[in-house]
Amino acid sequence: MTIPGPDTRVVELRVPGLVGLSGERLLDTVSVVTVAGDEAARIVRPSDRQRRPAPGPVLQALRRALPRTLEGYLWHKMTSGGAVKATWALLFPFALANVAQGMLPAPPRGHRFAAALSACLRALLRVVGVLLTVLFITQLGVVTLDLIAATCLSDGPAAQRSCLGATPAVLQHELLRTTLGVVPLLLLIGLLHRVSSQRWVGPGEPSTPSGPNPAAELPGVSLVASHNARVLRGLHTLAALAAVALLPIGGAFTAPVDTGTAVVWAAALAVLAVVLVAAAMLDEGARWLRTVFSPAALGLLTIAAVALVGVAVALHLPLERAGAPGVPGIDRMVEGVGVGLLAGCLAFASLLVPYTVLCRVQWSSLPQRLRPWLGGWAAAPTLILASLTGAGFGAGMAIAVRELLGVRELPLPPSYTALTLLWGAGTIIAVVLLAGLYGLAIPMRRRARGCPRIVEMLHESRTDRRRAAAAWATSVIERKHLHRLVSAVALLLAGGALALVVLRMLDIPQPGWLQPLSAFGVVALGLLAAGLLRVVYTAARSPERNRHLGALADLVYFWPRAAHPIVPPSYALKVVGDLTARARHHLEDPPARVVISGYSHGGLLALLATARLAATLDDEKRSRLGLLTAGTPLQWGYQRAFPSLLPHTALANLYGSLDGRWRGLCRGTDPFGGGVTTWRHQILEGRLLGVGYLTDGGVGPLPAAYPSPSGALVLGGDHWLPDPIPRSDSCRRWEPGVLRHADYLIDPEWDRAVAMAAGLERPGHANGNGTEQHTLFGDLPAVGKPRT
């Protein structure tokens, strides 16, 4: 490790989390000024009264005050702000397909059968993604063609009662009405194609590390841009155009009435078949397929598909079904695509079972709290949730538009009745489970556990102990069971959907006692559509005040376009590239020590950037690099949800490559964050013990936790903070009450963790009387620790 000299300075690069912070709040200062970055993301520093960059607060280390350069990386403009980004909420179901792919465990090395199953699972994800696009376009066709063009623009009684009023005679021509119903779909397809073509411009997207330390398995190596995004985007555009071509001629499941419609029908189905087969075969190694679907070839195919839509509009069937206004065949197409989507999800869930059994060898030796969620099977309920959400969005939009137009007697596709039933049942089940969680499980845990011993060690005040113990119990239950609750609801809805499909195929009417659930589902879907539009509107008008939509976008748009391309570009690729470039810039100055600190979700971004640097920097620069995470759900959340992105051994290697300069601030009262480098905590003879990552890259028992001067308990790389924060006479900002996930910056342990991450202090240990021994740099010799 590089010995600090008299001109040593610390550069702290802060990364915010899900809830967008202003530069002032991120740096805890009254004003900031931009010093680097671009329109999408910028780097800010504290400023003086002349709007010039000012030095940050000094850092107390090495028994003196060291200069600190404080910078913040603001990246939330990539996921929120403005009307266009607000409408990205409509693409959440598509993004969940990419999340499901990120949840797949990596196959064991050298296991060919597991690798083949992994390829099949990814192929199924791409097929389900195409079906999601087709369902989305078909359901919008219900609104534009069935509700508006065929009903409200007709000369029938429904048109007279609609909010559109009497339709001018010029708009009552069937060909014109059909054209008006198809044009919005074509414009939407063009808009989606443009959204999926965007990419963030930065210093370069991350690639597989190939620097001085290429053999080290470090986290985030799999986070790269997909080579198939361009081809997959073109295939989805073709599938959407083929679906639009089928709607005016009766849909995919209606027999053609003449030769012309038969030709269009066969051509559109052939396009859909080719797209589904090509999407299934389009893995990362399919170079020949990327050559076949070159940009020129995809352009010609797109032009041909648009022409096919034009022919279908010219050959359209009469806008009437069973003597009433409506598009014939559109109900069957919605139902058929929905059944295909359900079949794809069930096939994916079934195939995932043997795959996770084969992958279990990779985590069977880990404690239960470090194993992947649901044994690695969490991708299945996520994909089911994506399908149900996509279908629910479409049904909710049709129901809301029908109510808005005032044509309540107009029948919607029969599948919407099943969807309303599912959403009604799902809403009730979710409310009951949440009531059980917060009304029974949490109070029972509070009474059974009382005040945890670690809370007694962190707090002297009895009042603080009582409040901390209650918040601690709540957070433990939420971290342990909320993901199980969501998975249970998704699986119950999938089972209900399968039962309803069987009833539909056997032509068995639904039991009458289910009708109240269906009525409740209509209300739930209507509220879903209205709430979504309201959130989109408020996010577009006031992005700084409404961050709920941005927080969801931050979670789902993290992943590259691997399973579904019609999503905004992955911000993670740009953030990791920007952070590594900025850290390299500072590390070029030999006296500088760089600490990348991340709060909440920003801790994951900071970790991925640090891992890239650790794999490519030389030993001297790596010794001046550190990582600080605060309130990050890395261990209980991300590590278990995305085992291929954050393998356990990779995190241990990162801790070892940094020689312990990875510090994690955590609170037991935080429902979102938690410990990141230690686990298996127990208190023995008044000492906090545990297992965690070691500085040699291994895993093993740790020395007993020692109290820091600020009152925190430091165990390995984790700093357990008291919450509420004890009052102090030091010149620091202070907040009363239980903070849970908020305001980690005001804790005095933050500065001490920065000094340790910078290599200016080494972790100490407790002596016989419980006080901390020497912790200054160089005072402690390296201690060999056993591996497990």
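Modeller: Serine 623 counts as buried because its relative accessibility is 8%; here buried means under 20% relative accessible area, exposed means over 50%, and partly exposed is in between, with a 1.4 Å probe and protein chains only. Please keep in mind that this is a predicted model, in which local features need pLDDT of at least 70 and side-chain atom pairs count only at pLDDT 80 or more, while totals for chains, interfaces and linings use all residues. Residues are numbered from 1 along each chain as its sequence is written, and side-chain values use heavy atoms, leaving out hydrogens and water.

Serine 623 sits in the loop between helix H20 (619–622) and strand E10 (625–630). These names follow DSSP runs numbered from the N terminus: helices are H or I with at least four residues, and strands are E with at least two. A polar atom of the serine 623 side chain lies 2.5 Å from the backbone oxygen of glutamate 620. A polar contact is a pair of N or O atoms within 3.5 Å; within protein, one must be able to donate a hydrogen and the other to accept it, and residues adjacent in sequence count only if both atoms are side-chain atoms.

E10 belongs to an open sheet of ten strands with mixed pairing, in the order E2-E3-E6-E1-E9-E10-E11-E17-E16-E15. Strand E2 (32–37) and strand E15 (706–707) are at the edges, each with a single partner strand, so one side of each has no neighbour in the sheet. Two strands are said to pair if DSSP finds at least two bridges between them.

E10 pairs with strand E11 (residues 662–666) in the parallel sense, over four bridges. Within that pair, threonine 629 stands opposite glycine 664 of E11. Cysteine 666 is buried, because its relative accessible area is 0%. Cysteine 120, by contrast, counts as partly exposed, because its relative accessibility is 39%. The model has zero disulfides, a disulfide being a pair of cysteine sulfur atoms within 2.5 Å.

E1 runs parallel to strand E9 (residues 592–599), and seven bridges join the two. E1 also pairs with strand E6 (residues 68–74), again in the parallel sense, over five bridges. Valine 11 is a handy landmark here: its bridge partner in E9 is valine 594, and in E6 valine 11 stands opposite threonine 69.

Five bridges link E12 with strand E13 (residues 687–693) in the antiparallel sense, and isoleucine 683 stands opposite leucine 688 in E13.

Most residues other than glycine have a negative phi, and most peptide bonds are trans. Glutamate 685, in the loop between E12 and E13, has a positive phi of about 55° although it is not a glycine. Glutamate 685 is exposed, because its relative accessible area is 72%. Leucine 62 likewise has a positive phi of about 55° and is not a glycine. Leucine 62 is in the loop between strand E4 (59–61) and strand E5 (64–66), and counts as partly exposed because its relative accessibility is 21%. Finally, a cis peptide bond with omega of about 10° joins aspartate 723 and proline 724, and proline 724 lies in the loop between strand E17 (718–720) and helix H23 (749–757).
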